[in-house]
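Keep the sequence and the 3D view open, and try each task before reading its solution.

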Amino acid sequence: MTDGQRLATPPGTGNGSVLDAWERFQQGDDHIRGVRPEVVVSWLRCREKYKVDPHLTEAPAAPAAGEHALEHGVVFTEMGGVAASATREVEGLNGIVTVTDCTGRVLAVWGDPATRLRADEANLKPWHCWSECAAGTNGMGTALETHGPVLVGGAEHWCEAFHNWVCAGVAVRDVVTREPIAVLNVSCWRTALPRSTAGWLANAVMRAQSILKRRARDSGAELVAAFTQAKGQSSSPLAAVDTAGKVVIANDPASVLMGVPASTPAVDPTVRWNSGLPDIIGAARYASVHAAHNPAWVGSTQVFTHLADDPTPVSIRPVFLSGHLVGSLIAFGSSDGERLAPGEGAAHPRMPVRRLVGVRDDRMVLLRLPEVSFAESDGNDVWLATDEGRLRAATPGLDKLDAELAGSGFLRVHRRYVVNVDRIREIERGPRGEMLLVMEGRQREAVPVSRRNSAAVRRALGI
């Protein structure tokens with residue numbers, strides 16, 4: 001393979017600028033220039049959230065493996081086939097190819113024998129964990145935290161012992177929950193990656209995603225069938241949701257409560273609707289965890305809707321396809337099954353972030369949460385209104401930022417806005433009666449509240 005067919009090392013990772021920035025950052029200096037935003041965000045997680053020792057020399061042993069869904073096994077098989085076929089491309093470039101599961105546990109390694117021996121010294125081998133919380137910024141672990149391909153080279157790695165590696169990884173994600181299933185990664189020792197790396201990583205993910213999409217459409221059809229059968233037995237509000245809490249179909253009364261179209265099936269996972277009731281999403285995910293271990297499980301909880309100040313009881317009944325959990329039926333006004341205790345709705349609790357990273361030109365600005373007034377989406381970009389002025393968030397996508405800020409005093413008030421509740425100073429009414437939040441700051445900007453979120457805002461403000 002010629003030099004022209006290789007993928008270049010990330011800019012700056014081969015010189016001292018990134019290394020200097022790494023040394024300052026891991027000692028606590030937040031004024032970093034010349035480092036890609038996605039790397040700074042990863043470093044921030046490593047330093048403040050995971051507290052990874054930057055002088056770690058090897059990855060730890062992975063914990064015992066948990067149970068995997070059937071489609072996870074299909075993805076592992078597909079990734080293994082792709083990795084084995086790519087081995088010829090990296091063997092002459094001091095390269096190896098790895099596949100990990102959703103926890104960062106390495107399942108298999110292929111590639112150059114001499115490089116595999118070097119990798120063994122760092123425990124880059126099966127049954128060891130390369131998640132960010134275990135081994136810092138790296139191609140495999142950072143791919144688990146990121147939507148899209150990840151390139152990490154040289155001193156961009158959080159751990160000094162891995163600075164001689166250049167890695168590219170990409171996660172295959174569940175098409176319904178968007179949770180990672182596996183990571184395909186190529187790593188080279190002191191050598192540029194093959195230029196073809198980006199292409200075959202993308203092709204591998206596309207092949208795996210197509211398998212998952214077919215299975216998800218079958219799951220959607222099963223949820224519609226279960227809904228149709230249950231609908232004939234009751235005229236109460238009823239909906240079918242997938243394992244992520246997205247609405248596949250709802251009858252007329254439930255559609256009003258959830259803010260989704262009525263009696264319109266959304267079998268394809270790409271066109272399912274987000275419920276206007278966050279409590280339903282949490283309950284559905286909680287049900288997914290418990291029903292996967294106990295197929296007979298049925299639960300109940302109470303949720304707030306925009307039509308009433310008091311909570312409404314709902315029951316949650318899991319739906320299975322060939323023994324595999326595909327979602328739940330949500331029946332409003334019913335209290336069947338195990339009662340969920342307060343706070344149990346979050347099936348995947350996350351540790352709240354303590355800082356956000358804003359971007360101004362080539363400068364990274366590390367913001368404490370009280371310095372942020374609100375976040376506004378503009379396509380896939382997110383803009384932060386802060387005490388430092390208007391900054392672009394290093395984290396793309398408002399949904400992702402909203403999830404990261406859960407439990408940190410921020411509230412989703414509109415499809416385009418997330419606000420810091422402590423920075424709300426006044427409430428006004430717009431010309432059509434809509435609620436407007438006047439935010440603290442020199443500009444005193446007004447943020448609109450959507451109708452479906454108004455009840456949650458009133459509860460948060462105690463009004």
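A crossing of two helices is called right-handed if the near helix is turned clockwise from the far one by less than a right angle, and left-handed if it is turned anticlockwise. Please keep in mind that this is a predicted model.

**Exercise 1. Describe how helix H1 and helix H2 pack.**

Step 1: Find H1 at residues 16-26 and H2 at residues 37-49; their axes lie 11 Å apart, at an angle of about 30°.

Step 2: Angles under 35 degrees count as roughly parallel, and H1 and H2 are therefore roughly parallel to each other.

Step 3: Now apply the opening definition: the crossing of H1 past H2 is right-handed.

Step 4: On the H1 side the contact is made by Val18, Ala21, Trp22 and Phe25, and on the H2 side by Val40, Trp43, Leu44 and Arg47. Sorted by type, the contact residues of H1 and H2 give seven nonpolar, one charged and no polar.

**Exercise 2. Work out which strands stand at the edges of the five-strand open sheet.**

Step 1: Write down the strand order, which is E3-E2-E6-E5-E4, with antiparallel pairing.

Step 2: Strand E3 (106-111) and strand E4 (150-153) each have a single partner strand, so these two are the edges, and one side of each has no neighbour in the sheet.

Step 3: From one strand to the next, the twist averages 15°.

**Exercise 3. Find the partners of strand E10.**

Step 1: E10 covers residues 299-303, and four of its five residues are buried.

Step 2: Strand E11 (residues 312-321) runs antiparallel to E10 and is joined to it by five bridges; here threonine 301 faces valine 314.

Step 3: Strand E13 (residues 338-339) pairs with E10 in the parallel sense over two bridges, and glutamate 338 is the bridge partner of glycine 299.

**Exercise 4. Is threonine 243 buried or exposed?**

Step 1: Locate threonine 243 in the loop between strand E8 (238-242) and strand E9 (247-250).

Step 2: Buried means under 20% relative accessible area; threonine 243 has 18%, so this residue is buried.

Step 3: Among the residues that threonine 243 touches are Val176, Arg285 and Leu325.

Key. Residues are numbered from 1 along each chain as its sequence is written. This is a predicted model: local features need pLDDT of at least 70, side-chain atom pairs count only at pLDDT 80 or more; totals for chains, interfaces and linings use all residues. Side-chain values use heavy atoms; hydrogens and water are left out. Buried means under 20% relative accessible area, exposed over 50%, partly exposed in between (1.4 Å probe, protein chains only). Two strands pair if DSSP finds at least two bridges between them. Axes are lines fitted to C-alpha atoms, for helices over the stretch in contact, and angles run from 0 to 180 degrees between N-to-C directions. Angles under 35 degrees count as roughly parallel, over 145 as roughly antiparallel, 65 to 115 as roughly perpendicular and the rest as oblique. Contact means heavy atoms within 4.5 Å. Ala, Val, Leu, Ile, Met, Phe, Trp, Tyr, Cys and Pro count as nonpolar, Asp, Glu, Lys and Arg as charged, and the others, Gly among them, as polar. Lists of a residue's contacts leave out its neighbours within four places in sequence.
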